[in-house]
Amino acid sequence: MRINPRYINRLVRMGLNVQAYFTVGILIIIVAIIFFKGFPHTNFAFILSFPEDMGREGGIFPSIVGTIQLALLSILLATPLGLGTAIFLTEYTKESLFTKFIRFGVESLAGIPSILYGLFGFIFFVIKLKMGWSLLAGVLTMTIMILPTIIRTSEEAIRAVPRQLRIVSYSLSASKWETIKKVVIPAAIPGILTGIMLSIGRAVGETAAIIFTMGSSLRLPLSLMDSGRTMAVHFYILAREGISMEKAYGTAVVLVLSILLINILAYYIMNKAIARYS
Amino acid sequence: MDTKIATDRLRLSFGKTEVLKSITIKVHRNTITGFMGPSGSGKSTLISVINRMIDFENNVRIEGDATIDGTSILDGSINPIELRRRVGTVFAVPIPLPRSIFENIAYGPRLKGTSDRTTLHHLVEDSLKKAFLWDEVKDRLGTSALKLSGGQQQRLCLARTLALKPEIILLDEPCSGLDPISTAKIEDALSELKSEYTIILVSNNTKQIARISDFSAFFYLGELIEYDTTEKVFTAPAETKTEDYIQGKFG
């Protein structure tokens, strides 16, 4: 018996719909639970005040600052480094055993569990280089951790820029570097920003690697050599050690909201970039 | 007549395939020279030697010589980037850079270090006028060049090339994707431009070559079959191959 394609069509469409709603549904449920449990404990005082009694009382101001410091500094370090690597791989090398090796290395790095980065950071930065638990050790570890993402996404974005655009640029007497700077990178910005966004998300949400390298001090990190804790670490410690579930969920709300804010901001910048270069 | 571009027994091969077989031609200053021939005849490849865009292809071997004003352009001492300021190129498919009309045209001059706003403005206006596009875009220089129609984009590409203040303009089938009206506008612009520039027009459209070129060259399978004044080539071709091609017997 042959089933009418119309029914199959309908069935497939229904199935795909269910899958899409399922994904979004899970996201909504997670966010709803966090907000339901945490929102009553979230207010401006919570955001702007210092924690007291190990976080049982008071706010999370130092963790917010610590999160921003960690994410911002590691992005500032990893982006030029990662973008540079991506440009080198795409524009200055021909496909060879060497580039395959680098790409294999980058992919392997992306697959390593974060706890191993934490362990490496602890052994190398904290102990060997005598940085101690510090913002610096955390930033360097996080930089290595997000580098593969930035390299891969930038590489894809650069590769997607049509060859014809480069040819036109060369024909207008541009050098290779001028072409990369003025044509290739601008056209690749949306893709590069995607990588940066993913990386910020990873830096903001990371716990294991951070506890090992940046430590978990509740004080406000005022220098690169100070220890500090990010919101994710704060949440983990509050929840894991049963210090205060209310404060933990309050922290989670701020964490989710800030990730949302970063995403909105990134989309805004991305649209600006797209509007400017198209 | 004064020679601007010349090749001397120029041979070029991609790997083992010989694409240009000993081409010797002299292109005269301030004329439009039409290069015609069926695809695979080597005319586009010859152009890419003159602007050194051939540098971006792999496995290329070149023998013989090509000169502009008597100086070799294949010599190692020639800087291809500087050469491309003297030799402008318009490609078959118009490819605007993803930026505004103004910035598209200012791209080349900015690379040369021109950043003064007034100078750039004059240059942009002048180039657009020469390309017969100014009247259509003068009120929206800040909008994206990608929003222009195909015919306008091709004239934008011509204007962009003119802004480099080149001596030579190479056009590689510039009208292949354009409607007759847009084609006519490009042809009008080219006829005006030849007093200042040496122009090579590669085209599959023999009628176009007959209309606007002063000299015509017919290429076939990498060889220069015939080269003379357009009048001579089109009214009394010396070779039967040329005649057959012009009459549309193959192509």
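Mentor: The expected span of a helix is 1.5 Å times one less than its number of residues. Keep that in mind for this model, which is predicted.

Trainee: What span does helix 6 of chain A reach, and what is expected of it?

Mentor: Helix 6 covers residues 135–159 of chain A, 25 residues in total. From first C-alpha to last it reaches 35 Å, and at 1.5 Å a residue 36 Å is expected, so the two values are close.

Trainee: Where in helix 6 of chain A does a kink lie?

Mentor: At I146(A), shortly before the proline P148(A). The kink is about 35°, and that angle is taken between axes fitted to the seven residues ending at a residue and the seven starting there.

Trainee: What makes helix 6 of chain A mostly covered?

Mentor: A residue is called buried if 20 or more other C-beta atoms lie within 10 Å of its own. In helix 6 of chain A, 23 of the 25 residues are buried, so the helix is mostly covered.

Trainee: Why are strand 2 and strand 5 of chain B said to stand at the edges?

Mentor: The open sheet in chain B has four strands in the order 2-1-4-5, with antiparallel pairing. Strand 2 (17–28) and strand 5 (71–72) each have a single partner strand, so one side of each is left without a neighbour in the sheet.

Trainee: What makes strand 1 and strand 2 of chain B a pair?

Mentor: At least two bridges are required. Strand 1 (residues 3–14) and strand 2 of chain B have eight, in the antiparallel sense, so they count as paired. For A6(B), the bridge partner in strand 2 is K26(B).

Definitions and conventions:
Residues numbered from 1 in each chain as written. Chains lettered and ligands numbered in written order. Predicted model: local features only at pLDDT ≥ 70, side-chain atom pairs only at ≥ 80, totals over all residues. Helix = DSSP H or I, 4+ residues; strand = E, 2+ residues; numbered from the N terminus. Buried ≥ 20, exposed ≤ 12 C-beta atoms within 10 Å, placed from the backbone.
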